[in-house]
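Please keep the structure in view while reading.

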Amino acid sequence: MQPFALPEFYMPYPARLNPHLERARSHSKGWAYTMDMIDAPQHGAVIWDEHDFDSHDYALLCAYTHPDAGAPELDLVTDWYVWVFYFDDHFLELFKRTGDTAAARAHLGRLASFMPVTGEITEAPGNPVERGLADLWDRTVPLRSAGWRRRFAESTRNLLEESLWELANINDGRISNPVEYITMRRKVGGAPWSANLIEHSVHAEVPDAIAGKRPMEVLRDCFADAVHLRNDLFSYQREVEEEGELSNGVLVFEEFLGGSTQEAADTVNHLLTSRLHQFEHTALTEVPGLFEEHGVDPAGRAGTAAYVKGLQDWQSGGHEWHLRSSRYMNEGALERRGGPEPLGGPAGLGTSAARIFSSLAATAPQRLRSFRHRPFEPVGPVERPEVTVPFPLTLSPHLDRARENVVVWSEAMGLLDGVVWDEHRLRAIDLPLCAAGIHPDATPEQLDLTSGWLTWGTYGDDYYPVVFGSTGDVAGAKAMSERFRLFMPIDDEPAPAPLNALEAGLADLWLRTAGPMARDSRRAFRRAVDEMTGSWVWELANQRQNRIPDPIDYLEMRRKTFGSDLTMSLCRIGHGRAVPPEIYRTRVVQAIEHSAMDYACLLNDLFSYRKEIQYEGELHNAVLVVRNFLDVGEQRAFEVVADLMAARMREFRHTVEVALPVLFTEYDLDEGARRTLLGYTEELKNWLAGILNWHEGCRRYTEPELSYRPAPAAGTGPAVHRFTGPTGLGTRSLRIAAPPALPVSPAG
């Protein structure tokens, strides 16, 4: 008996079948035999017999997901999928069932030798996984550009190495939280790897100039999430009930929301639909502008269009294969699936186009709900859940001094224009209180600098909606954000005279912060500022469309709008070279950072909900996003956000206490690196405790302050301030040995 009924899927693209299917079936079976994948025991266990291979029908998957590939390309792509599914089942049998983490790590470590970005493979393969990878790598990689090779090597490496995360969760009996799961599933699930193979199969690569830009990354991530969530729905019975797997989206939401399996499955399907809606929105509204911004030539545009179409083909083809493969829970699915007619439509091969109308109609309410929010709606009588941070708070003894100095600095920079802010508003926000908590051991000068960055980021976060949001001037906001780069020189090149308060403040803060940095650190720091100010433009674009963001896109962009990415960048730079750069890219360190970021961002959304929804007409608040996604009331949405905060805090503590010591051993880090990383976790604990204390102690979210409106000073406006330089603080000569950790925009 199936544990739940499969939901109505959003599938607006018809599935098409590649005419070279039978050739691919014959070829891939012969190839698998050659690689010893069929009827060949591995450590006493037969991973696949011939019946397993035939019933899984990976050639059918590839024929559906790559309908336009030529015969040789389909053969190659099918071999890749045979290999990746064999790897997954081989890893399950030899390592997940036994819990042998050490052997699993050794197995994965050897695979890196068989996928060099440049040069030849020099290792001799010792098992079917290595043998298949070596063969496929030599048949694929030499045909592609250097940029594609790098992307494919990274996605393949993630696919393989993050299997250890699944194994660790099984050994610990730990079910991940939804945000953690989506993040890790992208890596271990293999869809980004599939996206790379789409480029190969259609002989079209995304130009390097845009491959790493937000719209292309969103397309890739939406594709990945939809593929993985769909697979979770079909594979729940096999993975959870038969294999004891804990990495399944239905199980994750069942545990998190506390409902039935059917309710969890329906929620996963809603999220899948939301990700496909986001995919379509990005392809139609953001990618064309990307072409213009980067001057992509006609060939590059055509290649990108073919790639996007290939992603769509994969979605519809993958769905069709899941309905037919014996690998998955799909009993009766083909028979139940009908067309737009009340009594059901065609249900045979090649008829998926007839079911598009039903798919669109069933999911239209979810899409339309995202555009129907009424700005400035009154907020009802809701009770904010209790929020706690399980770390002690320490405040800097220099707080009172910093409070006065930030007023002097803000006046000198022109921030107190009486339109966006005045002195009353600045003192009510009390950003030095936040600085004193997140940087308690700062010198007086360092605390002034931290307070300055907090002030600049929060002022900018308020400035963009007031100056650009009221008129819908997204282009003006984008132009302003791009000008900021002029005031963040990498090689001490001269900057122009600032034209407004934001430029003046940034010029001063950059000089004081980036001065001691090495060139590569400056570049990383500028990129983080760039991403934060660019995220303000993203908010304005959504506001202009009156569009509540997709929940995953919202949370990932919230880290940027809050300034969290910039915080981490400054922390890492302050660590010098004590920690190898690749350590910061590991799953463990990124999990520590992202869980802390999300806790702080969601905390802000709880406190700022009334301010943003009722007084500012905002759309970018997690409570509203949850209300829209789950179609629930305000109180329930508050509770879900609070539950997610608690889950992210548990993940933070688990990763610090359990996973970080394992990383020390795994990478054989020296005492200096270990001490630095442990110190980093203490900085993040201070950051979280300081942010909570600031939200509870400032007046920004109180009713009197919400009703207060600054009175413009005579002859001033928010965009015409000339830079005269800071006064009274000695700021031009200030240098710091280690830039402090700080959230640049702590306040919604």
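A nonpolar core is a set of buried Ala, Val, Leu, Ile, Met, Phe, Trp, Tyr and Cys residues joined through side-chain atoms within 4.5 Å. The model discussed here is predicted.

**Nonpolar cores**
- The largest nonpolar core contains 117 residues, and those with the most contacts inside it are Trp-456, Tyr-464, Phe-525, Trp-687 and Leu-688.
- Helix 29 (residues 587–615) supplies the largest share of this core, namely 14 residues.
- A second, separate core has 109 residues, including Val-84, Ala-191, Ala-265 and Trp-314.

**Aromatic pairs**
- The count of aromatic pairs comes to 38.
- One of them is the tilted pair of Tyr-58 and Trp-321, with 6.2 Å centre to centre and 40 degrees between the planes.
- Tyr-58 lies in helix 3 (residues 58–65) and Trp-321 in helix 16 (residues 298–324), so this pair ties together parts that are 263 residues apart in sequence.
- Tyr-58 counts as buried because its relative accessibility is 1%, and Trp-321 counts as buried at 1% as well.
- Tyr-609 and Phe-638 form an edge-to-face pair, with 5.2 Å centre to centre and 80 degrees between the planes.
- This pair links helix 29, which holds Tyr-609, to helix 31 (residues 634–666), which holds Phe-638.

**Charges over rings**
- The charged end of Arg-384 sits over the ring of Phe-607, 3.8 Å from its centre.
- The charged end of Arg-144 sits over the ring of Trp-148, 5.9 Å from its centre.

**A loop residue**
- Asn-500 is found in the loop between helix 23 (474–483) and helix 24 (501–514).
- The side chain of Asn-500 reaches the backbone nitrogen of Glu-503 at 3.0 Å.

Methods:
Residues are numbered from 1 along each chain as its sequence is written. This is a predicted model: local features need pLDDT of at least 70, side-chain atom pairs count only at pLDDT 80 or more; totals for chains, interfaces and linings use all residues. Side-chain values use heavy atoms; hydrogens and water are left out. Helices (H or I, at least four residues) and strands (E, at least two) are DSSP runs, numbered from the N terminus. A polar contact is a pair of N or O atoms within 3.5 Å; within protein, one must be able to donate a hydrogen and the other to accept it, and residues adjacent in sequence count only if both atoms are side-chain atoms. Buried means under 20% relative accessible area, exposed over 50%, partly exposed in between (1.4 Å probe, protein chains only). Rings of Phe, Tyr and Trp (its six-membered ring) pair if their centres lie within 6.5 Å; planes under 30 degrees apart count as stacked, over 60 as edge-to-face and the rest as tilted. A charge sits over a ring if NZ of Lys or CZ of Arg is within 6 Å of the ring centre and within 35 degrees of the ring normal.
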